[in-house]
Amino acid sequence: MMNDMHYLNLLSQSFPTIADAAKEIINLEAILNLPKGTEHFLADIHGENEAFEHVLKNASGNIKRKVSEIFGNSIRESEKKELCTLIYYPEQKLELIKAVENDIDDWYRITIHQLVKVCRDVSSKYTRSKVRKALPDEFSYIIEELLHERTDDQNKAAYVAVIVDSIISTRQADDFICAICNVIQRLSIDQLHILGDIYDRGPGAHIILDVMRRYNSWDIQWGNHDMLWMGAAAGNDACICNVLRLSLRYANLATLEEGYGINLVPLATFALDTYGSDPCEEFVPILLRPADIDEKTRQLTAKMHKAISIIQFKEEARIFHRHPEWQMEDRCLLEAIDPESQTCTIDGKSYPMKSCNFPTGFGELTPEEADLMQKLHHSFRVSEKLRKHIRTILSHGCMYNICNSNLLYHASIPLNDDGTLKNVEILGHQYQGKELMTYIGQLVRAAFENDTEPELKAYAKDYFLYLWCGKDSPLFDKSKMATFERYFLTDKETYKEEKGAYFRLRNNEDICDRILDAFGVKGQNRHIINGHVPVHASKGENPIKAGGRLMVIDGGFSEAYHSETGIAGYTLIYHSRGFQLVQHEPFTSKKDAILRGTDIKSTTQIVEMSAHRMLVADTDTGERLREQINDLKELLHAYRHGIIKEKRI
C-alpha cells in the first residue's frame, strides 16, 4: 500500500485535479478505439541506401496504393505517378516541374489540394495530438486547419481556398509542399523494424544510419554484419580486419573512407610493398558495379584484400587460442599449412593449396603487420561518426524484440537436433533461448561501458568475433565460416558450411511454437519474423514457413544477391487489417525515380488477414494504455475519497 500511495502521489504531479485525470482517461479510452498503426519490417539492407530510402519514402508501395484509392478514375494514371514521385522526392521534383509548367500557380493550387487529401487519409488513424507532433513547426497550424476542414462543406470551402491562395501568394508553396510530403511519408509508417544487417556489400551503410538518426520511431535487431562493425568500433582487431576484408572483397570503400574517414593509405602501402609481385588472383574483388573501378585500382584492391585477409587469420587465431572453451582452435588454418608440399591439413586430411605465397609467415604478426594494425586500430577508434552510428544502433536495438505477438530476431535461436533449446556456455554459465539472447545483449553493451570491470570488458570485446563466426552464435549458427578454404583450397568440399539445427527445423510449426513459448510470446496469431538467409524466390522457395508461424523476409536487398534470389528484397507490412508481404524488383536509381517517375515494382502477397479491423486496443500499446487507465482510475478514487488532495492552483 505504501508503494501504491507513493506511485499515486507521483501520478498526481502530472494530473493534479479530478478534471485532469478524468480528461486523460477519456483521451486514452478514445485512443484504444483507433485503428492499429502500420508496422513496417525490413531485413538485410546491406548498404543499399538508395533502395532503402525509396522503400521508406513509398512505404513499400503503401502510398501509391492510397493515391490510387483516393483518386480512382478522377485523375489519369500519369498524374497519379507524378503525384507519388512528388511525395517521395518533393524538392527535386519541384525543380523539374517549375522548369516546364506554364501556369505554376494553378499547378500549386491543384497539387496542394491533392496532397491535403492524401495527408488526411494517412493521418486518419492517429490522434490529433500525434499528428500535431509530426507536423513541422513553420506549417503546423496551416496543415492542421487544412486536414480538419473539408471543402465539401460550403461554409468552409472559401476559408480553405483562401488558405491555399495565401500559401501561393506569399511564395511559401514550395516549402509547404515539401513539408506536407514529408508528413505523408512519416505518417504512412507508424513503427519501423529493421531485422539486422545494415552494413557491408552496398556503398551507403553510413547514409542509411544518417537517415535513421533522424527517423521518428524505429528499432533494430542486430545482425551478424552489424555486430562485426560494432566489434570493430569496440577495438576488436579481428573484427576490424573482417570489416576491411569484406569492403575490399566487393571493392566497396565508400562507407570506410567517405563515411567514417578510415585511412587506408597505410594498408595500400603495406600491400604494395609485401605483395607487389603477387597477382593475388584469389583476391580479385567481386565487382557489383564494374564501371566504378579501373584495372590499376582493381589490382591494388586485390593486394590490399590479400594483405588484410592474412592479418585477419592471424588475429583470429590469437583470439581462438585465448579462448579454448570456444572450441575454435581448429580454425587456425594458417598454422596447418605445409609450405613445402603446399597443402593444408584439416581434420587429418591434406588438401592442395591454390597458391602458397605467404611472405609474412604463418604465425604471429610481423613487426610491419603489427605496425599497420596499430594504425588501422587507431583510425577506427577515433572515427567520431562511426562512434555516433554505433551508439545509435545500441540505443535502438538488441538481439531480439517482442512486439504485438511477433518475435523478431535476425538469424536463429540455437537448437539441439531434437528441436529443444540448446545450452550455450558463456563465461562458465549455460544459457538458452530468451536468457541467451538477453545475456548476449548485455555482454555487447558491456564492451562499450566505461564502468565495466576490465576482465569482463576484454572478454566482451573478444566475443564479437564469436558472434560473427562461432558455431553456437545466434547470428551465425553454422559449423564453420569457410573463408580461408574459399580463398586458398582447391577442393570445394571444404567450402561446405553445415547449418545449425534451427535452419533444418524452422519449417516445423511445433518447433516455432516451442521457441515462441520460450520467449513468452502470447496471442492466437503469433509469429517469428527474421531475415539473414536469402529466400531463393526464383527457385520457388516460400518466405512463409511453418504454416505461417515463421516469416523470413531476407529477399536479397543487396545487389550481390539479386542473381541468387531472383528478386531485390521483401518488406513486410502489418496494418490494421493484417499482414502483407511485398516482393520487390530491383530499384534502378534515385535519378530515374525523379526524372521518369520509376518506382520499385512490387508484388503484394496477402499473408494473413484479420476477421476484424485491429484497433490500438488489440496491440501492446493498448495493453499499456489500459494499465494507465486503471492507474488513473485509482487516482480518481483517491481524490474523491480524500486520500490525496487535489492540487488546485
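Thr-392 is buried, with a relative accessible area of 9%. In this predicted model, Thr-392 belongs to helix α19, which covers residues 384–396. The side chain of Thr-392 makes a polar contact with the side chain of Arg-213, at 3.5 Å. Beyond residues up to four places away in sequence, Thr-392 touches Arg-213 and Trp-218.

Lys-117 lies in helix α7, residues 104–123. Its relative accessible area is 43%. That value falls between the 20% and 50% limits, so Lys-117 is partly exposed. With residues up to four places away in sequence set aside, Lys-117 touches Ile-70 and Phe-71. Lys-117 and Phe-71 are 46 residues apart in sequence. Their C-alpha atoms are 9.2 Å apart in space.

Two helices, α17 (residues 295–322) and α18 (residues 367–381), pack against each other. Their axes are 11 Å apart and meet at an angle of about 90°. Angles of 65 to 115 degrees count as roughly perpendicular, and α17 and α18 are therefore described in that way. On the α17 side, the contact is made by Ile-308, Ile-310, Ile-311, Lys-314 and Glu-315. Helix α18 contributes Glu-369, Leu-372, Met-373 and Leu-376. By class, the contact has 6 nonpolar and 3 charged residues. No polar residues take part.

The largest nonpolar core holds 185 residues. Within this core, Ile-87, Ile-426, Phe-484 and Ile-515 touch the most other members. Ile-515 is in contact with Leu-407, Tyr-409, Ile-413, Leu-415, Tyr-502 and Ile-528, leaving aside its neighbours within four places in sequence. Another core, of 19 residues, lies apart from the largest one. Its members include Leu-28, Leu-34, Val-616 and Leu-625. In soluble globular proteins, nonpolar side chains tend to be buried together.

Backbone geometry was also examined at two loop residues. Ser-405 has a phi near 65°, a positive value in a residue other than glycine. Ser-405 sits in the loop between β8 (400–403) and β9 (406–409). With a relative accessible area of 22%, Ser-405 is partly exposed. His-532 likewise is a residue other than glycine with a positive phi, near 80°. The loop that holds His-532 runs between β12 (527–530) and β13 (544–545). His-532 has 13% relative accessibility. Buried means under 20%, so His-532 counts as buried.

Technical notes
Residues numbered from 1 in each chain as written. Predicted model: local features only at pLDDT ≥ 70, side-chain atom pairs only at ≥ 80, totals over all residues. Heavy atoms only, no water. Core = buried A, V, L, I, M, F, W, Y, C linked by side-chain atoms within 4.5 Å. Buried < 20%, exposed > 50% of the residue type's maximum accessible area, 1.4 Å probe, protein only. Contact = heavy atoms within 4.5 Å. Axes fitted to C-alpha atoms, helices over the stretch in contact; angles between N-to-C directions. Helix = DSSP H or I, 4+ residues; strand = E, 2+ residues; numbered from the N terminus. Parallel < 35°, antiparallel > 145°, perpendicular 65-115°, else oblique. Nonpolar A, V, L, I, M, F, W, Y, C, P; charged D, E, K, R; others polar. Polar contact = N/O pair within 3.5 Å; in protein donor to acceptor, adjacent residues only side chain to side chain.
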